[in-house]
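Please consult the sequence and structure shown below.

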Amino acid sequence: MTQTATDLSPTAQGAIADALNQCVAETTVTTMLAQNFHWNVTGMAFGTLHALFQTIYEDHFSGQDDLAERIKALDGHAEGTLAGMIKRSKVAEFAGHADDRTMIKTLQQAEETLAATLAAAGELAAEHGDALTEDLCIARGQTHEKFAWMLRAHLA
């Protein structure tokens, strides 16, 4: 049976909110990866990659807000510290210098990790009858898979 956020049990709300906080954490770290690479990309593909990385971080910034707002709709607490997000995230920050191919591969892997995390959160939401969270996770996951594909295409 499909339920709205307020119809879910407190246990279901908490589990889904926790899964969404994982998604927010990974989205935030991936946002910063894209912004870091946007600022620092060089080479023959500068213009294309500079624009692509900006498209990615702008999308992710609004995506993390949508996820955090869903956490609040579930009566959860949205993690709001960078330290907490970095600690929770399966996507790691990137420090130092990188060539364009390394940037692309690193961001591609982050997008794939994030898509998988969103798929798992969507499955959890579906198990609890939370179609609205499931739908959000599916939409965000599709976006991250598309970015992963676009990045892979640069490496082909």
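Arg88 counts as partly exposed because its relative accessibility is 27% (buried means under 20% relative accessible area, exposed over 50%, partly exposed in between, with a 1.4 Å probe and protein chains only). The model is predicted: local features need pLDDT of at least 70, side-chain atom pairs count only at pLDDT 80 or more, and totals for chains, interfaces and linings use all residues. Residues are numbered from 1 along each chain as its sequence is written, and side-chain values use heavy atoms, with hydrogens and water left out.

**Salt bridges**
- A search of the whole structure finds five salt bridges (a side-chain nitrogen of Lys or Arg within 4 Å of a carboxyl oxygen of Asp or Glu).
- Asp18 is partly exposed, at 44% relative accessibility.
- Glu26 and Lys90 form a salt bridge at 3.9 Å, N to O.
- Glu26 lies in helix α1 and Lys90 in the loop between α3 and α4 (100-127), so the pair ties together parts 64 residues apart in sequence.
- Glu26 is buried at 0% relative accessibility, whereas Lys90 is exposed at 57%.

Terms used
Helix = DSSP H or I, 4+ residues; strand = E, 2+ residues; numbered from the N terminus.
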